[in-house]
Amino acid sequence: MDVDTESVTLVPLPTLPGIPPDPEDYTPHRNQQTPLILDNGSTHLRWERKSNQPLMLFGDAVDVESGAKTQSRTPWEGDVLLNFDALENALDYAFVQLGIDAPSVDHPVLMTERLCSPVHSRALTSELMFEQYSVPSLAYCVDGVMSFYQNNHPVASAPSDTFSSDGIVVSFNTASTSVIPILNGKGILSHAKRIPWGASQSADYLLKLIQVKYPTFPTRVTATQSNWMFRTFCSVAPDYTSLLRSFEDPAVLRTSERIIQFPFVLPSTEEKTEEELARISEKRREQGKKLQEIAARNRIEKLAQKEKDLAYLLELRESKGEYGRSFDDDATLDETIKKLDSDVKKGKKKEAGGVGAGVAMDVDEPLEEPSFPLVDVPDADLDEDALKEKKKQKLLKAGFEARARARKEKEKEREEREREEKKEEEEREADLAGWSARLRSEQEALMTRIKDRARRKAALSDRKSAAAQARMKSIANLASDEKLTKKKRKGGGEDTFGADDADWAIYRKINTAAVSSDEDEDLAQLQLIEQKLLTHDPTFTSQQTHASIASQRSALLSAFKPMYEEGDVAGNTRIHLNTERWRVCEAWFSPGIAGVDSAGLGEVIQNILSRFSDDEKARLVNNVFLSGTPTLIPGLVPRLHSTLRPLLPTETPIEIKRAEDPSLDAWKGMARFAQTDEFGRVGMTRAEYDEYGGERLKRWWGSNWNGGF
């Protein structure tokens, strides 16, 4: 298959990790109670003081070293924080980079957690922060709400406690998607919903689709590579059903594909000089000549041995001596001598005549009719031994006559075949076009019969199909046939099943396991017709044969998964993405196509809006806010708009906007909020932790409500 190399995208190789920066100077922040902002994400941990830029921790060096990749362990299991040893190591690194050299982290901490985070996970996190690091206070917030706070705060220059924006936050996280309504700047967490589908599930789903599409792909596709393909090539379709209908045209499907080239190694071929090739050829000729000489010498030795055996047997017959155990009588000896003499003559002809003798040997020599003298002699004139010999001669005569009849039938069939071939040749010479048209019609009829048989066999595999139901009806009819009683037989009733050969076809119809003899006959006849057409009809090509037509792939299937030649190493290490580019993202709106039992985004938002009045609905949908890195996927905003439009009155305006910086706006919103006076009131102090426990938190507009007080 020819592919434009400019349209092929190479898989990026893992980059080497950068050198970590030197720890910052801790002197300006010592004993200053500067808030620490920790955006604890599933793939990145971002930390800094309230005024500096965030840094990324996870993902730099893991993919470079295979050993580190197998032993790597993140704090998150899906969307739940569970591995607290890994979290402690990450926080240790973060605090070291911040230059904190004190025995305790004497700074109030604002940390993110997932919507509806389990209280067990929160309790262990609080225990780690208070018991291990001795932080003075700890506040939790939901990342999507803080990203909304950053993008909808009325004062851009300075933080303020005044925040009264309305809207719906759709937060696309790594392992889930959260929908949170916000009225008057307060998150209504009691009406919030979460979908168990995120960017990691999308990348895993794409990897599974690739594995199904390319089950024998020579290179292992890793989760990191599938994540890169998801973020680079996937997009959201405005109308997924219409898009699939447009792909019925193979040309449209080809224009939508993206080709990814994976690394490959060309096979090393050793080029030989002309002298080496000539030396190898001469060596092969010498070996062949030696083998011929050995074969000829073996034939001469066998012929000499047969001549020696023939001379001994002739001398034995002339001497009229005892035959011993080798021969029972003269007839057996004569038969052995005759066979041996025939073998000797054939061997001499082959040695003397070469190819011509070989051709002569292929012609069957006429067999002499043996004599059976005792067959016509009456049994009364024979003794016991003669009777045994007569019985033996009868069997020999019957076998000889059967062979003679078979030879005559073969000769008759050969003559009949020669007459038919001659007649067909005359017809072909007289009217080649008519002869070709007749054979083509016969070929078409045979191929149609074979296709119908294959179609019926496929239909029988479905028990609800018409063919399967007809088969069951035939079996039921055979089982329900009443046997004729003796009285009915005497009265003239008779079972006539089997009188017509067509009656036995019913067993062929109901037997789905056995191969039909008609199918073998049709294939043999079809092969004979196609061979005649290929030989005599110059307009009939090998592409028109049944084998070529049956092996052809449909244009749509070829566009969906192009095939490369077996020796094309580069082509066989390419992945063609077409329908998968939109199918993966469609799972956010229809999780059922990926096997997830959950409502899609449109249904979840509709369920949330149904709990508010018409005025509140208008305020919410007038500011649909998208946060999270997956919001950068092309086509997400138009698709969400087309999903929400039928759910609302036509006069209700819908405005959807994306975060200015989907990856960092949550951290920026936390940093902005940490500079307000309200931040000092939402944190849980050490005394409150000792009194209420680690699973509790202060309920405020940006936090979860479960476990709040």
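**Close-up views of a predicted model**

**View 1. Helices α5 and α6 are roughly perpendicular to each other.** The label applies because angles of 65 to 115 degrees count as roughly perpendicular, under 35 as roughly parallel, over 145 as roughly antiparallel and the rest as oblique. This is a predicted model in which local features need pLDDT of at least 70 and side-chain atom pairs count only at pLDDT 80 or more, while totals for chains, interfaces and linings use all residues. Residues are numbered from 1 along each chain as its sequence is written, and side-chain values use heavy atoms, with hydrogens and water left out.

Helix α5 spans residues 199-213 and helix α6 residues 223-233; they pack at an angle of about 105°, with their axes 8 Å apart. Helices are DSSP runs (H or I, at least four residues), strands likewise (E, at least two), numbered from the N terminus. Axes are lines fitted to C-alpha atoms, for helices over the stretch in contact, with angles running from 0 to 180 degrees between N-to-C directions. From α5, the contact is made by Ala199, Ser202, Ala203, Leu206, Leu207 and Ile210, and from α6 by Ala223, Ser226, Asn227, Met229, Phe230 and Arg231. Contact means heavy atoms within 4.5 Å. These residues divide into eight nonpolar, three polar and one charged; Ala, Val, Leu, Ile, Met, Phe, Trp, Tyr, Cys and Pro count as nonpolar, Asp, Glu, Lys and Arg as charged, and the others, Gly among them, as polar.

**View 2. Helix α4 is largely enclosed by the rest of the structure.** Nine of the ten residues of α4 (residues 143-152) are buried, meaning under 20% relative accessible area, with exposed over 50% and partly exposed in between (1.4 Å probe, protein chains only). Among the buried ones are Val145, Phe148 and Asn152.

**View 3. Helices α4 and α24 are also roughly perpendicular to each other.** The axes of α4 and α24 (residues 665-673) come within 7 Å and cross at roughly 70°. Contact residues of α4 include Asp143, Met146 and Tyr149, and those of α24 include Lys668, Met670 and Phe673. By class, this contact has five nonpolar, four polar and four charged residues.

**View 4. Two cysteines, Cys116 and Cys141, have a look of their own here.** Cys116 is partly exposed, at 44% relative accessible area, whereas Cys141 is buried, at 0%. The disulfide count comes to zero, taking a disulfide as a pair of cysteine sulfur atoms within 2.5 Å.
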